[in-house]
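Let's take a walk through this fold and its ligand site. Have the viewer open while you read.

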Amino acid sequence: MTPDTYIDTIQAPTLTECRMLIRERYGERARILNHKIVRSGGFLGLFSKESVVVSVVVPPLKIPDIPKSLRAASPKPADPGAGVGEILNQIKALGDKIDTSLAAPQRTAPGTNEHGTLVKLGDDLERNDFSPSFRREILERVRREFSLEDLNDYAEVQQKVLAWIGERVKIYTGGGPYKRPRIIVLVGPTGVGKTTTVCKLAASLKYPDNSNERLELSLITIDMYRIAAAKQLGELATYLKADFIAVEDQEELKKELAFRSDSFDAILIDTVGRSPHDSLELAKMKKMLEVCGPDAEVYLTFMASAKYNDIMETMRQFEPFGYRAVIVTKLDETKQLGNVLSALAVYGKPIAFVTNGQPSTPRYIKKAGIVDLLTNLEGFTLDRERLEAYFTYGGAYGRQNS
Ligand SMILES: Nc1nc2c(ncn2[C@@H]2O[C@H](COP(=O)(O)OP(=O)(O)OP(=O)(O)O)[C@@H](O)[C@H]2O)c(=O)[nH]1
Ligand SMILES: [Mg+2]
């Protein structure tokens, strides 16, 4: 590199604005090497703003010994040809200085004509663990519904994509009016938080919102051998002045349910965690739960951090239980939710609750809400008011120009 060639960094809210600044400052001679998305400002990770940092190679005004190809204004990666070795070293050093945790891809992927927005969007979706087919579907729709010019507005593309993702997820609104007693059953793989969630549900049912009413609850576990579960439920039952019993088989469950049919408002049943691969045990448990009757509200419980394929397998294998909705646990343990949202979109199963903390108190369980779920997506800046309005009244994110 000649002594006068140097690297500059430009920061602006969007890539388009960076380009304008570069052109203003250097005309056509500066070359974009890479761009990265960075976040700045904000409080506790909230309200921070994304901006784009572009690094450019600025050659001297007279550059007789630099190959012609390097002078092109198009943002191709640096040609590692004659005389640019040093530039590459500088770029490397520069790369270390820029926050790469939110690194965006090259605007134009090498060897493709893909618009930078599509490349970045694909990356953002991948970073959030959306399944490959879900990502493809979203990118196809963006290609179809956005003009090349509109693609330059990444914020707007994001809002629409958020709306489309939200459209694919159903929130459980069902239930009520319930037959008394309500029978609530939680099934799911081992260790996902079923027992803890039963406790949270019981505690929130006991003291309904905005009411002085106190419900009569019964807690039943069919997990007799799990001392910890029995202890957890037993202690909660004492605290809530609820009934608690452990049953061993279908006969016993049937008898105990019949015995309780008149005296309780709700019966919550905690089940043994079962691997979705253990078809035999799953079939046994399904048989046992048949005595709960067709009105029983069965919920499938799984963890937010489970892999997409595992969630798909779980949803498939537990299908025979006729679960009405899912409960997604341990939202506090992951920043990615695309896995969950993609699987829910494929299965069309509604989501009823999310849990977000170990303590067995109602504070750590919430009714699921679309915009809340979308808020969990990393790298997406959400216009909450607009999305809330969209999901309440519909319409604002339809096809462009229609
Ligand atoms: N971080 C976090 N941990 C949770 C949450 N819910 C449950 N846990 C923890 O997950 C672990 C397993 O919880 P359990 O309620 O015993 O899970 P389970 O599904 O009943 O497990 P098995 O009965 O063994 O299948 C415990 O350490 C819980 O404290 C949650 O929302 N967030
Ligand atoms: Mg348990």
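Which residue in β11 is the bridge partner of Phe353? Lys367 is the one. Bear in mind that this is a predicted model.

To get from β9 to β10, the chain goes through helix α11 (residues 338-347), making a right-handed β-α-β crossover. Strand β10 (residues 351-355) has five of its five residues buried, so the rest of the structure largely encloses it.

Zooming out, the sheet is open, with eight strands in the order β6-β5-β7-β4-β8-β9-β10-β11 and mixed pairing. Its edges are β6 (243-246) and β11, each pairing on one side only. From one strand to the next, the twist averages 20°.

Here are some of the strand pairings side by side:

| Strands | Sense | Bridges |
|---|---|---|
| β4 (182-187) and β8 (297-303) | parallel | four |

Now the ligand. Ligand 1 is surrounded by 20 residues, the closest being Gly193, Lys194, Thr195, Thr196 and Gly273. By class, that shell holds three nonpolar, eleven polar and six charged residues. Helix α6 (residues 194-206) gives the most to the shell, with three residues. This helix α6 also lies across several strands, including β4 and β8, and runs at about 170° to β7.

Terms used:
Residues are numbered from 1 along each chain as its sequence is written. Chains are lettered from A and ligands numbered from 1 in the order in which they are written. This is a predicted model: local features need pLDDT of at least 70, side-chain atom pairs count only at pLDDT 80 or more; totals for chains, interfaces and linings use all residues. A residue is near a molecule or strand if its C-beta atom, placed from the backbone, lies within 6 Å of it. Helices (H or I, at least four residues) and strands (E, at least two) are DSSP runs, numbered from the N terminus. Ala, Val, Leu, Ile, Met, Phe, Trp, Tyr, Cys and Pro count as nonpolar, Asp, Glu, Lys and Arg as charged, and the others, Gly among them, as polar. A residue is buried if 20 or more other C-beta atoms lie within 10 Å of its own, exposed if 12 or fewer, and partly exposed in between; C-beta atoms are placed from the backbone. A crossover is right-handed if, with the strands pointing away from the viewer, the path from the first strand over the helix to the second runs clockwise. Two strands pair if DSSP finds at least two bridges between them. Axes are lines fitted to C-alpha atoms, for helices over the stretch in contact, and angles run from 0 to 180 degrees between N-to-C directions. Two residues are in contact if their C-beta atoms, placed from the backbone, lie within 7 Å.
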